Amino acid sequence: MKKFAKTAAVLSLAAIFSVAPTAFDLAPTALAELAAGNPSPGFYLTFRQGKMPKDFEAAHGWTNGNPFNVNWYNKNVTFENGCLQLIIDRDPTNANDVPYSGGEFRSKNFFGYGRYECSMKAIKNDGTVSSFFTYTGPSDNNPWDEIDFEVLGKDTTKVQFNYFRDGKGEHEYMYDLGFDASKDFHVYSFEWHKDCIIWYVDGKEAHRVNESIPVTKAKIMMNAWAGKNVDEWLKPFKDNKLPLVAEYEWIKFTPFNE
């Protein structure tokens, strides 16, 4: 996310899909390990069960403010056709003087160094962002640390990588995908190490950095939203094709012992 935003590997594809394609949540033993402060357990989660998974939640009833031109509602986080769907639509209540609604899905638990992966199909529409990222910040009584994948709806043949360490960003990097991210599902992954971050697209390394690496355990998050006052970055939001939907088939986390 750009500096004004307030919140918001390597496995081969064959190895990724060797995991049994059934939905499951963090096991009680894994939760106990988290509660004890031990290294985060790994998990693989599909959305075929058609409901909110245990240990995850939808943002509801508030807005981030500029540059987010949406109120978050749990009704904008749905499960259809085996996928998680994050929806941008109008907000008829105009709550907080914000005319649109958006969807945000996030883990309740915090995760550290490891490989983070998702299968996503992004929104193609000026003024929008479809994302996969880790985030923690003042709302969690933590420093603002974040690692991002962001597909800007104005040009879905590219993806933006970014990260923050204690609120310091300015690390945006735009990568040419070689395909249209709104046409089909693709695998977006990053490895978070003590000394570097490496981003991958469909198993191919796309970008790496080794300075000012985040250190604070964070939540796993995805959201879809419309922007305001960021026309240079996102282009003005076009609302003539609402609702707009970003889709996710699965997410996966593999911890590193670092």
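This is a predicted model: local features need pLDDT of at least 70, side-chain atom pairs count only at pLDDT 80 or more; totals for chains, interfaces and linings use all residues.
**Notebook: a loop Asp, a strand Thr, an aromatic pair**

Started with Asp126, which sits in the loop between β7 (114–121) and β8 (128–136).

I looked up how open Asp126 is. Its relative accessibility is 15%, so I log Asp126 as buried, the cut-off being under 20%.

Next stop was Thr136, which I found in strand β8. Buried or exposed, this Thr136? Thr136 is buried, at 0% relative accessibility. I checked the side chain for polar partners. The Thr136 side chain has a polar contact with the side chain of Asp140 at 2.9 Å, and another with the side chain of Asn142, also listed at 2.9 Å. Asn142 turns up again in the contact list for Thr136, with neighbours within four places left out. That list also holds Phe110, Pro143, Trp144, Asp145, Thr216, Lys217 and Ala218.

Last, the aromatics. How many aromatic pairs are there? I get 26 aromatic pairs. One I opened up is Tyr163 with Trp199, a tilted pair with 6.3 Å centre to centre and 45 degrees between the planes. Tyr163 belongs to strand β10 (residues 158–164) and Trp199 to strand β13 (residues 197–201), so the pair links distant parts of the chain, 36 residues apart.

Key
Residues are numbered from 1 along each chain as its sequence is written. Side-chain values use heavy atoms; hydrogens and water are left out. Rings of Phe, Tyr and Trp (its six-membered ring) pair if their centres lie within 6.5 Å; planes under 30 degrees apart count as stacked, over 60 as edge-to-face and the rest as tilted. Helices (H or I, at least four residues) and strands (E, at least two) are DSSP runs, numbered from the N terminus. Buried means under 20% relative accessible area, exposed over 50%, partly exposed in between (1.4 Å probe, protein chains only). A polar contact is a pair of N or O atoms within 3.5 Å; within protein, one must be able to donate a hydrogen and the other to accept it, and residues adjacent in sequence count only if both atoms are side-chain atoms. Contact means heavy atoms within 4.5 Å.
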